[in-house]
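Please open the structure in a viewer and keep the selection panel at hand.

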Amino acid sequence: MKDYIIHHEWKIIEEGFEPSFNRISESVFSIGNGKMGQRANFEEKYTGDTLNGTYVAGIYYPDKTRVGWWKNGYPEYFAKIINSTNWIGIHVKINGEELDLAKVKILSFTRELDMQHGLLSRRFVTEMKNGNQIEVCSHRFVSMAASEIGAVRYSIKALNFSGKIQIKPFLDGDVVNEDSNYDEKFWVEIARAVGGQEGYLTLETLKTQFRLCTGMWFHATKNGEKTNSEIINSDREKYVEAIQKIDVSAGDEIVVEKLTATVSSLYYDKEILVEKAQEAIELASGAGYDLLFESHKNYWLKKWETSDIKIEGDVAAQQGIRFNIFQLNQTYTGEDERMNIGPKGFTGEKYGGVTYWDTEAYCFPFFLSTAPQKVSRSLLVYRHKHLQRAIENAEKLGFSGGAALYPMVTINGEECHNEWEITFEEVHRNGAIAYAVYNYVNYTGDKDYLAPYGFEVLLGISRFWSLRVNWSEAKQKYVMLGVTGPNEYENNVNNNFHTNYIAVWTLKYTLEVIEYLKKEHPYLFEELVRKWKFNELQETARWHHIIENMYFARDPKNKIYLQQDGFLDKALIPADELPEDQRPINQNWSWDRILRSPYIKQADTLQSFFLFQEDFSLGELKRHFDFYEPLTVHESSLSPCVHSILAAKIGYENKAYEMYLRTARLDLDDYNNDTEDGLHITSMGGTWMSFVMGLGGMRVVNGKLTFRPFIPENWKSYSFRIDFRGAHLEVIMQHDKFTVVNHSTVDVMVTIWEEERKIAGNDKQETIVHEKQSA
Ligand code: BGC
């Protein structure tokens, strides 16, 4: 754990430059706009430790799989959203000496991310080896308003010398991925051009042949006046630059504005890419940095209006939650159904920037409640588009009859993951995808989604479950053998509770959807039956039989469901009895020892208790929480959020708060010592859930919003905003009262604790005065 980020309500601030934290800060200060993003690398040269990262959504390379021992069914490649043209670069020389923070004396340094306006800044004073002192101030943003545009404003002030400042804005496409499996470069050059203030670089990915054209335009001023010093251009393969040497005296300030455009063959014909980049550059340079920033800033201000969470009385918690919201919003905007949310978003190479079950299980509720409905719908459509691939994926593993197994990791629907215990066994991901369909319909009321999209996905997944289980003569029950549950510290287990439970749930929900379609859309349903050769009678008869006869391992003594068969044979020693120096166990123990241990990486049985809360009584929940929480080591970032929500429901408020803080400041405080790899973007969705569903106790039950909120003792108040079925609500919790304000024209019914209230539209509010704070 680290503690170097200064607490501030709206800003992330680093004071002083600590090179050993640089990779962490590069992750933490990342910026993006859903279409592209980048780590907070420096504009000037830096020869110290750094991970350069500029990523463009949807542009990937199929890196050939590398494993120790090949197993049939492994995918041929792992898709990676790859590092692409670095457009931020402006190298600087002061009287011939290169500015490089790894080499000069740093007199002061501040890095700042203004989340309210989406602006990354640095300010530093350095002394060069030749004694020349300069003050540098840089600002940078990736435009939310014009998604192809990135902008840098970089100023250099000569503090104590006269002479020459040389600036060199450039585009560099000669980049690599640190995690490349065979140390290959992924890009080839198609064209380059540079002249005066402009430069263009067109590159294409090997194998996938995505084409990307990046354009730059810059201009420099001295003390606010245009400089007329000569611009010298040069270029080489995958690289273009412009150099300007400007005479300065002490006190003079040079300001460089560099505007860039990144356009790709995802949106335009390859032949017109350069033209499109030129058009974007012309528009951007016509508008200028200030105007571009203005529209970017306004986008953010509007976004905050509908998605902010405010906490009074705890700056660390306030900063934490805003950081999570900020990062989620700059990772996914839902405009393009081909895009999704990588576990690290655009902030690092780990997990390849591609899609996991994390999206449906952790991020979906955030977008459902804080973004226009089409955003969460886009996430569902992404999976619907991949249905055929999921069917082929299941076929590769030997399943037939239209059974669909969605991949563990994917970008285009094909499986990319290549560890047998996850690729073949972590099948609960299929359930998360089915659950997202339910979640969407339950929250929005948009039942039309079910025909045909939702139904088709549910049918494929139900068919998979129906084949994945088998009848055990010995048990006279259906069993599911050889799986890995969400807890990846157990592999190849039989009857993982969560997997069995979500399988049964999917079958039940699909049956419900069939009834709905038969009633409301009979003709469409007939068509679907034909299209999918759905033998309703026969197939659903088996589903019913599975629903009624699924096996769940139980411990009759403790009256709990067991995570899997044989779980009680383990030495059940609570995790807090483990010596500190052995934690995290995944960095200190052999895999064999982990597998034999009782320790749970992330919510597993409790994942079902979270998703299917209405199915269990509070007493049952408490028993399971008390049994599993002490064995859970939370070594996945996706874990504390689920435990926080359940603890809140039980009334374990301290535990809920402790777990909430752990998830909210996970990256800011580098809890798991891995922020340098990138931010835990998908777990940020979990943080949002633990706030709104944990502290706020929000649920949608039978189409109605319900709240059972509590407030941590040291906070004065908190509030959050949600969209719900056309209404926009602000929910405010204080120690003595709970208020819901309706900022829309649509009336809503809400249940607060047990009281049902109608909240009329037009800024009307309902306040409930309460004495108790807990559930
Ligand atoms: C977790 C998985 C998750 C993956 C990507 C792993 O550590 O165990 O559940 O899908 O990270 O976030």
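**Stop 1**

Begin by selecting Glu 754, which is exposed, with a relative accessible area of 63%. The model is a predicted one. Arg 708 counts as partly exposed, at 31% relative accessibility.

**Stop 2: further salt bridges**

The structure holds 52 salt bridges. Select next Lys 475 and Asp 565, whose side chains meet in a salt bridge with an N to O distance of 3.9 Å. Because Lys 475 sits in the loop between strand 22 (470–472) and strand 23 (477–479), and Asp 565 in the loop between strand 25 and helix 13, this pair ties together parts that are 90 residues apart in sequence. Lys 475 is partly exposed at 36% relative accessibility, and Asp 565 is partly exposed at 26%.

Move on to Lys 601 and Glu 488, whose side chains meet in a salt bridge at 2.8 Å, N to O. This pair also links distant parts of the chain, 113 residues apart: Lys 601 is in the loop between helix 14 (591–596) and helix 15, and Glu 488 is in the loop between strand 23 and helix 10. Are these two residues buried or exposed? Both Lys 601 and Glu 488 are buried.

**Stop 3: the second largest pocket**

Now display the second largest pocket, which has a volume of about 1000 Å³. It is lined by 41 residues, and those closest to its centre are Tyr 435, Tyr 438, Asn 442, Trp 505 and Glu 614. Two or more lining residues come from each of helix 4, helix 8, helix 10, helix 15, helix 19 (681–695) and strand 26 (699–701). Which element gives the most to this lining? Helix 10 does, with nine residues. By class, the lining has 28 nonpolar, six polar and seven charged residues.

**Stop 4: the cavities**

The structure holds 10 cavities of 30 Å³ or more. The largest cavity contains about 160 Å³ of space. Of its 17 lining residues, select Ala 57, Gly 58, Ile 81, Asn 340 and Gly 353, which lie nearest its centre. Eight nonpolar, eight polar and one charged residues make up this lining.

The second largest cavity holds about 60 Å³. Its lining consists of Trp 357, Glu 360, Ala 361, His 428, Ala 432, Tyr 435, His 498, Ile 502, Gln 607 and Leu 611. Helix 4 (358–370), helix 8 (428–444), helix 10 (497–520) and helix 15 (605–611) are the elements that give two or more residues to it. Helix 8 supplies the largest share, three residues. By class, the lining of this cavity has six nonpolar, three polar and one charged residues.

**Stop 5: backbone features**

Most residues other than glycine have a negative phi, and most peptide bonds are trans. Select Ala 451 and Pro 452, which are joined by a cis peptide bond with omega of about 0 degrees. Pro 452 is in the loop between helix 8 and helix 9 (453–468). A cis peptide bond also runs from Arg 583 to Pro 584, with omega near -10 degrees. Pro 584 belongs to the loop between strand 25 (560–561) and helix 13 (585–588).

Lys 238, although not a glycine, has a positive phi of about 60 degrees. This residue is in the loop between strand 18 (231–236) and strand 19 (239–248), and it is buried, with a relative accessible area of 7%. Lys 533 likewise has a positive phi, about 45 degrees, and is not a glycine. Lys 533 lies in the loop between helix 11 (522–531) and helix 12 (536–549) and is exposed, with a relative accessible area of 70%.

**Stop 6: a surface patch**

Finally, select Val 188, Ile 190 and Leu 206, which form a nonpolar patch on the surface with about 190 Å² of accessible area together. Ile 190 is in strand 14 (residues 187–195) and is partly exposed, with a relative accessible area of 37%.

Key: Residues are numbered from 1 along each chain as its sequence is written. This is a predicted model: local features need pLDDT of at least 70, side-chain atom pairs count only at pLDDT 80 or more; totals for chains, interfaces and linings use all residues. Side-chain values use heavy atoms; hydrogens and water are left out. On a 1 Å grid over the protein atoms alone, a cavity is a set of points where a 1.4 Å probe fits but cannot get out, and a pocket is an open set with protein on both sides within 12 Å along at least five of seven lines; lining residues have an atom within 4 Å of a point. Grid points are joined across faces, edges and corners, and a volume is the space filled by probe spheres set on the points. Ala, Val, Leu, Ile, Met, Phe, Trp, Tyr, Cys and Pro count as nonpolar, Asp, Glu, Lys and Arg as charged, and the others, Gly among them, as polar. Helices (H or I, at least four residues) and strands (E, at least two) are DSSP runs, numbered from the N terminus. Patches are made of residues with over 30% relative accessible area and no salt bridge: like charges are joined within 9 Å, nonpolar side chains (Val, Leu, Ile, Met, Phe, Trp, Tyr) within 5 Å. Accessible areas come from the Shrake-Rupley method with a 1.4 Å probe; for residues, only the protein chains shown count as cover. A salt bridge is a side-chain nitrogen of Lys or Arg within 4 Å of a carboxyl oxygen of Asp or Glu. Buried means under 20% relative accessible area, exposed over 50%, partly exposed in between (1.4 Å probe, protein chains only).
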